[in-house]
Amino acid sequence: MSVTPPKLPDHIGWDLVRAARLWEARLSAHMVAAGHGWFGEARGRLIEHIARSGTSQATIAARAGISKQAVAKHLDALVADGIVERIADPRDARRVDIGYTARGRAALAEIDRAKAAIEDEVRAEIGQRRLDALRDALKSWVE
């Protein structure tokens with residue numbers, strides 16, 4: 001006699017995780033298709049933690065939730081790719097800021113285009129009314 005395992009409860013947390021993963025996969029696919037292969041690799045995940053005006057390397061590590069050594073390794077690769085640059089703080093020798101290069105700013109513009117395209121895809125899939133309701137619900141929850 002076989003025993004059916006109990007069904008795990010479904011909850012909004014799983015829905016949010018699945019939606020976020022789907023959105024991230026679409027963004028990565030758009031960026032890779034646009035010629036930014038580095039974005040689909042681990043180092044590309046740091047971009048979400050670097051402000052357009054620049055961010056300290058220590059802050060990036062804290063935001064990303066990974067070790068300073070791992071962040072340094074990924075940033076080394078992004079520097080080698082010409083996406084970001086390290087900028088020494090003239091007032092604090094211990095502080096290193098990470099800023100975007102011209103190539104990095106072009107990638108950010110492509111990210112903006114990809115985000116708009118993904119939103120258009122979602123709108124086509126679920127409709128404007130449901131997209132607006134989803135956005136309103138999420139904003140009211142997280143703000």
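This is a predicted model: local features need pLDDT of at least 70, side-chain atom pairs count only at pLDDT 80 or more; totals for chains, interfaces and linings use all residues.
Let me start with one definition: two residues are in contact when heavy atoms of theirs lie within 4.5 Å.

Let's begin with helix 1, residues 12–33. This helix has 22 residues, and from its first C-alpha to its last it reaches 31 Å, close to the 32 Å expected at 1.5 Å a residue. Which residues of helix 1 are buried? They are Arg26, Leu27, Ser28 and Met31. A helix makes one turn every 3.6 residues, so residues three or four places apart point the same way. As for what the buried residues of helix 1 pack against, the partner is helix 4, residues 102–126. After helix 1 comes glycine 35, and its phi is positive, near 95°.

You'll find glycine 127 in the loop between helix 4 and helix 5. Is it buried or partly exposed? Glycine 127 has a relative accessible area of 24%, so it counts as partly exposed. If you pick its C-alpha and that of isoleucine 98, which is 29 residues away along the chain, you get a separation of 39 Å.

Compare that with another pair. Isoleucine 87 sits in strand 2, residues 84–89. Isoleucine 87 is partly exposed, at 38% relative accessibility. Leaving aside neighbours within four places in sequence, isoleucine 87 touches Arg95, Val96, Asp97 and Gly99.

Next, the empty space. Rolling a probe the size of a water molecule over the atoms shows where such space is left. The largest pocket here holds about 670 Å³. Its lining is made of 18 residues, and those nearest the centre are Ala19, Trp23, Val122, Leu134 and Leu138. Which helices supply at least two residues each to this lining? Helix 1, helix 4 and helix 5, residues 128–142, all do. Helix 1 gives the largest share, with eight residues.

Last stop: the loop between helix 1 and strand 1, where arginine 43 is placed. Why do we call arginine 43 buried? Buried means under 20% relative accessible area, and arginine 43 has 18%. Its side chain makes a polar contact of 2.8 Å with the side chain of glutamate 41. Beyond its neighbours within four places in sequence, arginine 43 is in contact with Trp38, His74, Ala77, Leu78 and Asp81.

Tryptophan 38 leads us to the aromatic rings. The count comes to one aromatic pair. Tryptophan 38 and phenylalanine 39 form that pair, edge-to-face, at 5.7 Å centre to centre and with 70° between the planes. Tryptophan 38 is buried, at 5% relative accessible area, and phenylalanine 39 counts as buried too, at 12%.

That's my tour, so please go and find these residues in the structure above!

Note on methods: Residues are numbered from 1 along each chain as its sequence is written. Side-chain values use heavy atoms; hydrogens and water are left out. Helices (H or I, at least four residues) and strands (E, at least two) are DSSP runs, numbered from the N terminus. Buried means under 20% relative accessible area, exposed over 50%, partly exposed in between (1.4 Å probe, protein chains only). A polar contact is a pair of N or O atoms within 3.5 Å; within protein, one must be able to donate a hydrogen and the other to accept it, and residues adjacent in sequence count only if both atoms are side-chain atoms. Rings of Phe, Tyr and Trp (its six-membered ring) pair if their centres lie within 6.5 Å; planes under 30 degrees apart count as stacked, over 60 as edge-to-face and the rest as tilted. The expected span of a helix is 1.5 Å times one less than its number of residues. On a 1 Å grid over the protein atoms alone, a cavity is a set of points where a 1.4 Å probe fits but cannot get out, and a pocket is an open set with protein on both sides within 12 Å along at least five of seven lines; lining residues have an atom within 4 Å of a point. Grid points are joined across faces, edges and corners, and a volume is the space filled by probe spheres set on the points.
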